[in-house]
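Got a two-chain model open and want a quick walk through it? Here are some questions and answers to go with what you see.

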Amino acid sequence: MARAVTSRRKAINTAAAWTVGLLIFFPILWTILTSFKTEAQAIADPPIFLGFDWTLENYRVVQERSDYMSFLWNSVIIAGGSTLLGVLIAVPAAWSMAFVPSKRTKDILLWMLSTKMLPAVGVLYPIYLICIELGLLDSRAALVVILMLINLPIIVWMLYTYFREIPGEILEASRMDGAGLKEEILHVLTPMAIPGIASTILLNFILAWNEAFWTLNLTAANAAPLTAFIASYSSPEGLFYAKLSAASTMAIAPILILGWFSQKQLVRGLTFGAVK
Amino acid sequence: MATQHSRSAARMMMAPAVVLLLGWMLVPLIMTLWFSFRRYLPLRGGDLGSAGFDNFVRFVTSSAFWPSVQTTLIMVGGVLVITIVLGVLLSLLLDQPMWGQGVVRILVIAPFFVMPTVSALVWKNMFMDPTNGLLAHLWQFFGAEPVAWLSSVPLTSIIMIVSWQWLPFATLILLTAVQSLDGEQLEASEMDGASPLARFFYIILPHLSRAITIVVLIQTIFLLSIFAEIFVTTGGAFGTRTLTYLIYQRVLESQNVGLGSAGGVYAIILANIVAIFLMRIVGKNLDK
């Protein structure tokens with residue numbers, strides 16, 4: 001006999017889970033709320049939860065004062081560019097490993113993963129020096145390439161685990177029908193692989209958007225993305241909670257929305273297929 | 001015939017990714033190794049000749065080294081304990097039947113998507129500030145003296161911030177594992193009169209052990225290189241200087257590249273020790 005779930009027990013579960021969930025989410029909620037307050041209301045004692053005069057003033061000030069759009073644009077270029085470049089390089093590699101595996105495939109996959117374990121700080125100066133030598137310090141191009149390289153192992157792994165789920169019989173059937181390699185990739189594989197590729201792009205865009213070691217250390221005025229823009233608020237001058245909140249909300253809102261769509265892929269992507 | 005053709009095509013398709021990653025791994029690694037054996041001071045004329053093993057000896061004998069190792073261990077260990085204990089409890093709670101499960105899941109996962117500089121600054125100013133922070137108001141409400149979080153208990157504060165960021169990750173992975181638990185086995189044990197505590201320790205926890213191991217390994221690798229959270233909160237002051245942060249300061253702040261690179265070599269070795277265990281688990285899974 002299945003365990004009967006009484007509605008009383010369900011109510012208790014619901015109350016407990018919602019309390020914990022809201023508690024964990026609260027810092028984000030508080031930041032969003034504060035972004036609509038005036039600076040005086042933001043530090044009011046006792047704190048005001050909802051009963052304040054909602055204003056968009058902070059968003060206007062942040063955009064005007066700090067050239068917010070250029071930071072946003074840098075984030076979009078760096079995260080988007082590195083992700084697309086990474087996928088372009090990883091799709092053929094993952095395809096061949098999934099469909100034409102050899103004895104060395106497993107070793108290559110594990111080796112690729114091992115490059116991800118290299119601590120960034122261990123190679124900080126060489127990368128810094130190479131960027132200076134090539135005139136690429138504080139350039140978006142350097143960050144596109146570097147973030148592509150640090151995420152490439154994850155991209156290959158995610159695509160590999162997705163491609164492996166495509167049944168091999170379909171490929172064989174298309175080969176029997178006389179399809180060449182090109183037709184096989186274009187008309188048979190691509191349609192089946194698109195969902196996997198899309199979630200890979202999503203997760204890696206998020207990882208690149210939030211990356212905060214290379215973006216902080218290799219950029220100054222020109223190529224700084226939102227991570228560096230927010231870090232510039234670490235030495236406050238005067239009242240700034242509401243503006244910090246507005247800037248933060250703008251920096252995290254797009255990713256929170258994308259993130260909610262990618263939560264299922266998150267487990268697969270970040271555990272390299274070890275937990276599904 | 002066809003296989004021969006596709007074999008060589010396959011190799012060609014793998015080549016760009018392999019070559020790029022090989023370059024990305026080898027070039028900086030060799031440079032770091034080279035610098036670690038040189039007296040390299042960019043502000044005082046650059047490469048001033050061979051240093052032998054001096055940098056390696058100086059790095060570990062400097063007064064900052066052992067405190068930084070200790071800070072690193074406390075930080076990584078603290079975050080691991082908090083995220084795993086709370087993560088197990090939370091994943092068991094989220095697995096229960098309830099109303100609005102999808103929404104609660106979204107609320108719990110959200111902190112993982114907040115960029116590190118935002119979460120560090122929001123916590124630092126709006127929660128941990130001793131006069132205007134929300135925690136100070138909460139403490140006052142209960143008649144307690146507000147705590148100056150980041151100056152009196154800086155390490156605890158950073159552990160709290162980082163745990164908040166990583167709890168969603170641990171919860172999500174543990175939840176995936178909990179959901180694959182055999183419900184019938186649990187029911188059978190319940191009918192046999194096993195107490196909830198016994199069921200937890202003899203059925204649920206052993207079932208989760210693999211997922212817990214994976215969470216520990218992956219988080220350790222990411223936590224060893226925590227940077228932004230320290231950078232924008234304390235800047236490495238008040239005993240929050242981890243090994244990663246110490247190397248960063250040697251290399252970029254005091255521009256002692258030789259010394260910093262020797263530290264980098266230590267960090268690489270340390271990360272590799274953890275990585276070997278992770279790779280073993282992942283590799284085993286590939287054979288399935």
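**Loops, helices and the chain contact**

With 15 C-beta neighbours inside 10 Å, Q255(B) counts as partly exposed; the cut-offs are 20 or more other C-beta atoms within 10 Å for buried, 12 or fewer for exposed and partly exposed in between, with C-beta atoms placed from the backbone. This is a predicted model, where local features need pLDDT of at least 70 and side-chain atom pairs count only at pLDDT 80 or more, while totals for chains, interfaces and linings use all residues. Residues are numbered from 1 along each chain as its sequence is written, and chains are lettered from A and ligands numbered from 1 in the order in which they are written.

Q: What is the phi of Q255(B)?
A: Q255(B) sits in the loop between α12 and α13 (257–286) of chain B; helices here are DSSP runs (H or I, at least four residues), as are strands (E, at least two), numbered from the N terminus. Most residues other than glycine have a negative phi. Q255(B) is not a glycine, yet its phi is positive, at about 50 degrees.

Q: Where is F238(B) found?
A: F238(B) is another non-glycine residue with a positive phi, near 55 degrees. With 16 C-beta neighbours inside 10 Å, F238(B) is partly exposed. Its place is the loop between α11 (228–233) and α12 (243–253) of chain B.

Q: Is V114(B) buried or exposed?
A: V114(B) is in the loop between α4 (101–109) and α5 (116–127) of chain B. Leaving out residues up to four places away in sequence, V114(B) touches I28(A), I252(A) and S119(B), a contact being C-beta atoms, placed from the backbone, within 7 Å. There are 24 other C-beta atoms within 10 Å, so V114(B) is buried.

Q: Is R60(A) buried or exposed?
A: R60(A) belongs to helix α3 (residues 57–66) of chain A. It has 11 other C-beta atoms within 10 Å, so R60(A) is exposed.

Q: How many residues of helix α9 (residues 183–191) of chain B are buried?
A: Just after α9(B), G193(B) takes a positive phi of about 90 degrees. The helix itself has nine residues and lies largely in the open, because the number buried is zero.

Q: At what angle do α1 and α12 of chain A pack?
A: The contact is made by T31(A), I32(A) and T34(A) of α1(A) with Y241(A), A242(A), S245(A), S248(A) and T249(A) of α12(A). The axes, lines fitted to C-alpha atoms over the stretch in contact, are 7 Å apart. The two helices are therefore roughly perpendicular, a label for 65 to 115 degrees, with under 35 roughly parallel, over 145 roughly antiparallel and the rest oblique. On a scale from 0 to 180 degrees between N-to-C directions, the angle is about 115 degrees.

Q: Which helix gives the largest share of the side of chain A that touches chain B?
A: In all, 85 residues of chain A are in contact with 86 residues of chain B. The largest share of chain A's side, 16 residues, comes from α1(A).

Q: What percentage of residues 73–94 of chain B is helix?
A: UniProt, in an unreviewed entry, lists several spans of chain B as "transmembrane region", including 73–94; its positions follow the numbering used here, feature names are shortened, and annotations may be inferred rather than shown by experiment. The end C-alpha atoms of residues 73–94 of chain B lie 30 Å apart.

Terms used:
Contact = placed C-beta atoms within 7 Å.
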